[in-house]
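These are my notebook entries on one structure. I went through salt bridges, sheets, cores and a helix, in that order.

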Amino acid sequence: MVYRSDDASARSRSLDATDPLAAAGFSVGESWDFAGADGASGANALALDEDAPQDDAAVVARVTKPGADTAALLEELQAMDGVLAAAPNYVHESVGAVEPAERGAGPASDSLFAPAGEVGVSDQPIVGGTGVLSANGSTSTATNDPLSALQWSLNNELTSDSGIAANSDVDFSSVYTRATAGEENIVAVLDSGVDYNNEDLREAMWENPGDLPGVSGRAGTHGFDFVDGDGEPLPESDSLEESHGTHCAGVIAATGNNDTGIAGVSPNTKIMAFRTNGASTGGNVNDGAILSSYEFLLHAKLTGENVVAA
């Protein structure tokens, strides 16, 4: 819920006995401090949902009340003075990844690599000097990263098997050039964690300076793990399902022109990683992990870190 106490400084996990919520039998399980969100000004301001209540003295909290079911609790909260908004603590189910063997892949995608001296059975061209089948119809890329030709959604010259037209892409070459000329910035990835030891991401990670007020984690870390509660937001494993956050981070900011892997669309971006789900959560995410991530990145933003998106 979003709550404004009569005492504007009240941002505690406990409620004073005189507080109306405490008097009604509620207790605080978790709370999040978003003070200053409205003051995060500038061209790259973090904007709150325009339909949400805006009150810089409000507290976002998860509250409980013994013996109350969700519907009754919501009805009571919404009728109370000082409560600006109330909603269940949702658990968001993720759609499981589809393993390659389950995709019904045809011969053209049985392998990323063409047999020596042969052309792929689908007549896909081979990227020069790599032996990699080009997924986008081009034998050259905007960078020297050999697997960039597999990033069909970023640049393609082929109509897909499902009929998606050629050039249904982000025009990678143009975007990459513009981003290279842009200012350094930070993008937060809230997902299954990011493998910041990956050779294409090592130089693309944000580093916590360790002295940011309201920001968790020690110096040199790259975000936070809100599943295990520590400063190491790595995936639980290298499985396909657990690699989604790493995949997203790579599309955004994988190091380009290093003769390795792929290139991200934004070379001046650093990744701030938050692990909000994984195998231990059944792949599901609860609102608390999302709120904790946004509290972290907001305080980083307020201390001068150039966080522009999440």
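**Entry 1: Salt bridges**

I started with Arg 62, which is partly exposed, at a relative accessible area of 28%. The model is predicted, so I noted its limits: local features need pLDDT of at least 70, side-chain atom pairs count only at pLDDT 80 or more, and totals for chains, interfaces and linings use all residues. Residues are numbered from 1 along each chain as its sequence is written, and side-chain values use heavy atoms, with hydrogens and water left out.

Which residue meets Arg 62 in a salt bridge? I found Glu 30, with 3.1 Å from N to O. The pair links distant parts of the chain, with Glu 30 in strand β2 (residues 27-32) and Arg 62 in strand β3 (residues 59-64), 32 residues apart. Glu 30 is partly exposed too, at 25% relative accessibility. I counted a salt bridge when a side-chain nitrogen of Lys or Arg lies within 4 Å of a carboxyl oxygen of Asp or Glu. Helices (H or I, at least four residues) and strands (E, at least two) are DSSP runs, numbered from the N terminus.

By the salt-bridge rule the count is six. I looked at another of them, between Lys 65 and Glu 76, at 3.0 Å from N to O. Lys 65 lies in the loop between β3 and α2 (70-78) and Glu 76 in helix α2, so this pair ties together parts eleven residues apart in sequence. Lys 65 is partly exposed at 24%, and Glu 76 is partly exposed at 28%.

I then checked Asp 228 and Arg 275, which form a salt bridge at 3.2 Å, N to O. Asp 228 sits in the loop between β7 (223-225) and α4 (244-253), while Arg 275 belongs to strand β8 (residues 269-275), 47 residues away. Is Arg 275 buried or exposed? Arg 275 is buried, with a relative accessible area of 1%. Through shared partners, salt bridges join Asp 225, Asp 228, Glu 236 and Arg 275 into one network.

**Entry 2**

I traced an open sheet of four strands in the order β7-β8-β6-β10, with parallel pairing. I took two strands as paired if DSSP finds at least two bridges between them. β7 and β10 (307-309) are at the edges with a single partner strand each, so one side of each has no neighbour in the sheet. Neighbouring strands here are turned by 30° against each other on average, direction ignored. Axes are lines fitted to C-alpha atoms, for helices over the stretch in contact, and angles run from 0 to 180 degrees between N-to-C directions.

Strand β6 (residues 185-191) pairs with β10 in the parallel sense over two bridges. Ile 186 has Val 307 in β10 as its bridge partner. Helix α4 packs on this sheet, touching β6 and β8, and its direction makes about 160° with that of β6. Helix α5 (residues 287-302) also packs on the sheet, touching β6, β7, β8 and β10, at about 145° to the direction of β8. Contact here means heavy atoms within 4.5 Å.

I found an open sheet of four strands in the order β2-β3-β1-β4 as well, with antiparallel pairing. Its edge strands are β2 and β4 (83-85), each pairing on one side only. Five bridges join β2 to β3, and Ser 31 has Ala 61 in β3 as its bridge partner.

How many residues does the largest nonpolar core have? I noted 14, and those with the most contacts inside it are Met 1, Leu 21, Phe 26, Val 63, Leu 77 and Val 83. β3 and α2 each supply at least two residues of this core. Apart from it lies another core, of twelve residues, including Trp 206 and Leu 297. A nonpolar core is a set of buried Ala, Val, Leu, Ile, Met, Phe, Trp, Tyr and Cys residues joined through side-chain atoms within 4.5 Å.

Last, I looked at helix α3 (residues 172-180), where Phe 172, Tyr 176 and Ala 179 are buried. Seen down the axis of α3, the buried residues fall within an arc of 70°, so they line one face of the helix. The arc is that of the directions from the helix axis to the C-beta atoms. Thr 177 and Arg 178, on the other side of α3, are exposed.

Definitions and conventions:
Buried means under 20% relative accessible area, exposed over 50%, partly exposed in between (1.4 Å probe, protein chains only).
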